[in-house]
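Biologist: I'm new to reading models like this one. Could you walk me through it?

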Amino acid sequence: MDRFDRAILGALERDARQSFADLAEEVGMSKTPCWNRVQGLEASGAILGYRAMVEPEAVGLTLDAFVQVSVSFADHAAFEAAACAHPSVIACYTTAGDADYLLHVMARDVAHLDGLLRGQLRRMPGVERFNTTIGMKRIKRAGAVMAAAE
């Protein structure tokens, strides 16, 4: 990956709706080579896709919770599949430390979160225990990957 690829990724991360002509101008290339590079970045998996960022509160999701989950040794694969399939689990990470996983869960309110935790998440394969932290105020939304890579 050279400086043009990095520039393209950074520019698309800031605004994926811009035209190829504008993108090419921003990164200092002509349109066709720029388009070819974007195609290559998509094919290589460096670009995972394009999507709109939705404001959670606009659709009634006012609560962010972070759930540390400990899972029985034999059930990790089944738990991961269940976490990936669950629509309220926004992100799932394996962790080093007291728990095996960290889930980012979004809910409408505390009652909705309680229902998710008691009725669904605790019934996922292999769950032995979990600990939940509720986010009070979002300070920063997902940052730019390319800025972090600099």
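Modeller: Strands (E, at least two residues) and helices (H or I, at least four) are DSSP runs numbered from the N terminus, and two strands pair if DSSP finds at least two bridges between them. Val71, for instance, stands opposite Val127 in β4. This is a predicted model, where local features need pLDDT of at least 70 and side-chain atom pairs count only at pLDDT 80 or more, while totals for chains, interfaces and linings use all residues. Residues are numbered from 1 along each chain as its sequence is written, and side-chain values use heavy atoms, leaving out hydrogens and water.

Biologist: Which other strand is joined to β1, and by how many bridges?

Modeller: That's β3 (residues 101-107), joined to β1 by 7 bridges and also antiparallel. There, Asp64 has Met106 as its bridge partner.

Biologist: Is β1 largely enclosed or exposed?

Modeller: Buried means under 20% relative accessible area, exposed over 50%, and partly exposed in between (1.4 Å probe, protein chains only). In β1 (residues 63-71), 7 of the 9 residues are buried, so the strand is largely enclosed by the rest of the structure. Val59, in the loop between α3 (31-44) and β1, is exposed, with a relative accessible area of 54%.

Biologist: And how do I describe two packed helices?

Modeller: By the angle between their axes and the distance between the axes. Here, the axes of α1 (residues 3-14) and α2 (residues 20-27) come within 9 Å and cross at roughly 130°; axes are lines fitted to C-alpha atoms, for helices over the stretch in contact, with angles running from 0 to 180 degrees between N-to-C directions.
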